Amino acid sequence: MVTLTAIEKMEIFKDFDLDQLKKILELCTIADFQQGQRLFMEGEPARDMWIVLDGSVELRFEMPDARKATNDSTISSHNTGIPESQVFGWSCFIAPHKMRLSAYCSSRRCQVVKINADQLNKLMVSDTDIGFKIMRYLLQVVGFRFKQMQEEVVKFMGINMMNSW
């Protein structure tokens, strides 16, 4: 069970008042995974926003030749150490509402909070202050992911440049 104490410690909800936190808490469920377990698969319907409570989660591309996704196909890692990396699954807010990557537990165990997107969208429409705060935070998350992608592109380009000498 998710507690109010756990929710109020999450960076995404740091600016929420007690009434807003209670509304969010009603939408939360908790899920536990073991290392290597898949949380969701690329292409599945995006029904939830996910937040890491404990452990680490990796987002990976699924290989088209049916090989199992491995660390080599990891795009980003998510844990409690970097606030912007705690939240993932924001495809639930963007059409066509499909997961763009697969998520795997990459630590010995991980615990995540799932927030149903339909219910969260309804709450954000009815309480626009909550909607604004969540969307403002998600823009920080997107910016963080973009920076991660830029760093990977630079690494890749550097490796290719070194190999062409």
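The helices (H or I, at least four residues) and strands (E, at least two) I name are DSSP runs, numbered from the N terminus. I'm working on a predicted model, where local features need pLDDT of at least 70, side-chain atom pairs count only at pLDDT 80 or more, and totals for chains, interfaces and linings use all residues. Numbering runs from 1 along each chain as its sequence is written, and side-chain values use heavy atoms, with hydrogens and water left out.

Entry one: the loop. I went to the stretch between strand E6 (87–88) and strand E7 (102–105), where Pro96 sits. The peptide bond from Ala95 to Pro96 is cis, and its omega is near 10 degrees. His97 lies in the loop between E6 and E7 too. His97 isn't a glycine, yet its phi is positive, about 60 degrees.

Is His97 buried, exposed or partly exposed? Buried means under 20% relative accessible area, exposed over 50%, and partly exposed in between (1.4 Å probe, protein chains only). His97 comes out at 35%, so I noted it as partly exposed.

Entry two: the core. A nonpolar core is a set of buried Ala, Val, Leu, Ile, Met, Phe, Trp, Tyr and Cys residues joined through side-chain atoms within 4.5 Å. The largest one has 42 residues, and Ile24 and Phe88 are among those with the most contacts inside it. Helix H4 (residues 128–163) gives the most to this core, five residues.

I found Ile30 in strand E1 (residues 28–34). Its relative accessibility is 29%, so it's partly exposed. Ile30 and Ile115 are 85 residues apart in sequence, but 8.9 Å apart in space, C-alpha to C-alpha.
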